[in-house]
Amino acid sequence: LDGGISEEAEVTYTRFFEKGGIHLVRLAYLLVGDVSDAEDLAQEVLEELYGRWTDVREETAMAYARTAVVNRSHSLLRRRAVARRFAPRLAQPEQVGPARSEDGWLWDLVEALPRRQREVVVLRYWCDLSEADIARVLAVSSGTVKSSAHRALAQLAAAVADETGGILRSQKDVQ
Amino acid sequence: MNDLEQHLSNVLARVSEQVDPAILRLRNPAQFPRQKHPRLGTAAAAAIGIAVAAAVAIAFAAPRLNERQHAASAPTSAPGPAPTADPVSAFASANTSSLVAAAPPSSASLSASTTMSTSASLSAAGPSSRGRASAAPEVEAALRTYVACMRSHGFPGETHPNYPPRAVMAAEDGSVPSPGLADRWRSASQTCAQPYWKAVDENLYSSQ
């Protein structure tokens, strides 16, 4: 970059940042379930994107930033899994996040989904992406997206059918 | 969209809106000061590093200074700095080069270690990398491996696992039709990026 980014590029980047920054934090939050982690993750992606802004078209920047957030969330979740595996006796830090709403139980169910299914659900029902776009973001086939979405919805539907939703919640507690 | 999907969509929207923009501390990289480190916190870390290095240098120098003072006040003292009762002025008049030499392991390395990995990675990145996220040497090396691997798959030039080269982007957004190019890049990138993501796992989050 060499400090040589044009003023016009700075303007377009700032426009992207102001419009897309909060979207990326929220996407990261839905994927990792912690506001602080989500904010750090989005900040890293935004900085990285700024470093490559001259190569990115503004129209497609969000798609790339979204992919980067998903990829980085994998790293974070892997780290958490390792931490849980090697320090089971240590108290896990309490997740810092917004207070649960009335729909918290359904959100709990989404959080309890396997990583891939959760990503598909978030990208499909929050980002409103098509199956093809989700496949592109996750670097998997459309068939994988379809089957992941199907399994996730089946699991959620079963829990919703159960009035208390206790089956999946108890599964999460066991984990 | 059936009822469950609609409900799910609403819940996700409500949950995401609980992330309040007012409490976020997102910083626009385009507004970082020029020729400064990309993260504001790094400047503070560098200042702390310098202060700690100076404090350690003084701490190591003090005993030597006392020895000199003691020797100077002895009746059979050898030629040396003039004895003085005031330790501050004594310190000021002491041989600066010996103080620097007497500051083990070295103020520079101490500074580097106390300012954490951010300053080291930033100095590696250099001042010209304004706006780029700092990266550990292992991550930089893994990125070079990725670039070499992608070259062997027929994608030369600078590239990154998160950001395809311009031609691939053009193929993806349809501005330049290149059938299969984006898929080939994605496939190659997925293969080549494994060491990079491993390095990111091992370095990036461990430094936070």
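## Salt bridges overall

A salt bridge here is a side-chain nitrogen of Lys or Arg within 4 Å of a carboxyl oxygen of Asp or Glu. By that rule, the structure has eleven of them over all chains.

A word on the ground rules: this is a predicted model, where local features need pLDDT of at least 70 and side-chain atom pairs count only at pLDDT 80 or more, while totals for chains, interfaces and linings use all residues. Residues are numbered from 1 along each chain as its sequence is written, chains are lettered from A and ligands numbered from 1 in the order in which they are written, and side-chain values use heavy atoms, with hydrogens and water left out.

## Inside chain A

Start with E58(A) and R15(A), whose side chains pair up at 3.0 Å, N to O. This one links distant parts of the chain: E58(A) sits in helix α3 (residues 58-86) and R15(A) in helix α1 (residues 7-32), 43 residues apart. Helices are DSSP runs (H or I, at least four residues), numbered from the N terminus. E58(A) is partly exposed at 28% relative accessible area, and R15(A) is also partly exposed, at 43%. (Buried is under 20%, exposed over 50%, partly exposed in between, with a 1.4 Å probe and protein chains only.)

R115(A) and E119(A) make a salt bridge too, at 3.4 Å, N to O. They are four residues apart in helix α5 (residues 115-125), so about one helical turn separates them. R115(A) is partly exposed at 33%, whereas E119(A) is buried at 2%. Elsewhere, E44(A), E48(A) and R72(A) are joined into one network by salt bridges that share partners.

## Where A meets B

Chain A puts 60 residues into the contact and chain B 56, with contact meaning heavy atoms within 4.5 Å. Together the chains bury about 5600 Å², 57% of it on carbon and sulfur atoms; that area is the accessible area (1.4 Å probe) lost on being put together, summed over both parts. On the chain A side, R52(A), Y64(A) and Y125(A) lose the most area to chain B, together 13% of what that side buries.

## The bridge across

The count between chain A and chain B is one salt bridge. R25(B) and E39(A) form it, with the closest N and O atoms 3.4 Å apart. R25(B) lies in the loop between α1 (3-17) and α2 (40-73) of chain B, and E39(A) in helix α2 (residues 35-51) of chain A. R25(B) is exposed at 56% relative accessibility, but E39(A) is buried at 6%.

Conventions. Helix = DSSP H or I, 4+ residues; strand = E, 2+ residues; numbered from the N terminus. Buried area = accessible area lost by both parts, 1.4 Å probe.
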